[in-house]
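User: I am new to this structure and would like to learn how to read its features. Can we take them one at a time?

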Amino acid sequence: MATMKFLCDTKRCIECNGCVTACKNENDSALEWGIQRRRVVTINDGEKGEASISVACMHCDDAPCMAVCPANCFYKTEDGIVLHDKDTCIGCGYCLYACPFGAPQFPKQGAFGARGKMDKCTFCAGGPEENFSDAERQKYGANRIAEGKLPMCAELCATKSLLAGDAEIVSAIFRERVAYRGSKNAAWG
């Protein structure tokens, strides 16, 4: 079975935030105020060497969020997608501090008060509820993976900088781009 991954080609990302909008629109029923599952980060903004990258949960092979969760609300699907069960989440925030990508987020209903249930990118794979059920849509958003589709953020990326899918295919596409650019440092420079 394929292992699903994201990869953002910083040489192609133009900081249009189309991926952010696509994610928000596709999963709007599941998102509370203040939750943004995907964001675009720009480094060296306006200077030489400026680079933008679309960031969300990277669905790590050895996910630190899974390792620190005292409620064991995280689980991994057969194709390597890291999901969570909102019914099991206790809102402790350990996952937030463990994740190097800042993927876990909590609703911002006010300046003070309880954190609530954590939310993060689901790779458009829904959650533990029955596929295509109203409960799944309301808690986790779209389940495009069960439909045989890729996440909406990658599907609507205008420059095709955000790649998603089988890790081997994504890697092959990226290697081909780097080779075409003719520089062994083109991917990161």
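This is a predicted model: local features need pLDDT of at least 70, side-chain atom pairs count only at pLDDT 80 or more; totals for chains, interfaces and linings use all residues.

User: Are D9 and R177 buried or exposed?

Analyst: Burial is judged by relative accessible area, and under 20% means buried. D9 has 0% relative accessibility, so it counts as buried. R177 is also buried because its relative accessible area is 11%.

User: Which residues are linked with D9 in a network of salt bridges?

Analyst: The network links D9, R12, R177 and R181.

User: How many salt bridges does the count come to?

Analyst: A salt bridge here needs a side-chain nitrogen of Lys or Arg within 4 Å of a carboxyl oxygen of Asp or Glu. By that rule the count is 10. One of them joins the side chains of D119 and R37, at 2.6 Å from N to O. This pair also links distant parts of the chain, with D119 in the loop between α3 (94-98) and α4 (134-140), R37 in the loop between α1 and β2, and 82 residues separating them. D119 and R37 are both buried.

User: What about the salt bridge between D28 and K24?

Analyst: Their side chains meet at 2.9 Å, N to O. D28 counts as partly exposed because its relative accessibility is 42%. K24, with a relative accessible area of 37%, is partly exposed as well.

User: How should I read a strand, and which strand is joined to β6?

Analyst: Look at the partner strand, then at the burial of the residues. Strand β1 (residues 4-8) is joined to β6 by five bridges, and the two run antiparallel. Within this pairing, F6 stands opposite A164 in β6.

User: Why is β6 described as largely enclosed by the rest of the structure?

Analyst: Strand β6 covers residues 162-166, and four of its five residues are buried, so the rest of the structure largely encloses it.

User: Where on the surface does charge gather, and which residues form a patch of negative charge?

Analyst: The patch of negative charge on the surface consists of E15, D45, E47 and E50. D45 sits in the loop between β2 (39-43) and β3 (51-55). Over 50% relative accessible area means exposed, and D45 counts as exposed because its relative accessibility is 53%.

Note on methods:
Residues are numbered from 1 along each chain as its sequence is written. Side-chain values use heavy atoms; hydrogens and water are left out. Patches are made of residues with over 30% relative accessible area and no salt bridge: like charges are joined within 9 Å, nonpolar side chains (Val, Leu, Ile, Met, Phe, Trp, Tyr) within 5 Å. Accessible areas come from the Shrake-Rupley method with a 1.4 Å probe; for residues, only the protein chains shown count as cover. Lys and Arg count as positive and Asp and Glu as negative; His and the chain ends are not counted. The place of a charge is taken as NZ of Lys, CZ of Arg, CG of Asp or CD of Glu. Buried means under 20% relative accessible area, exposed over 50%, partly exposed in between (1.4 Å probe, protein chains only). Two strands pair if DSSP finds at least two bridges between them.
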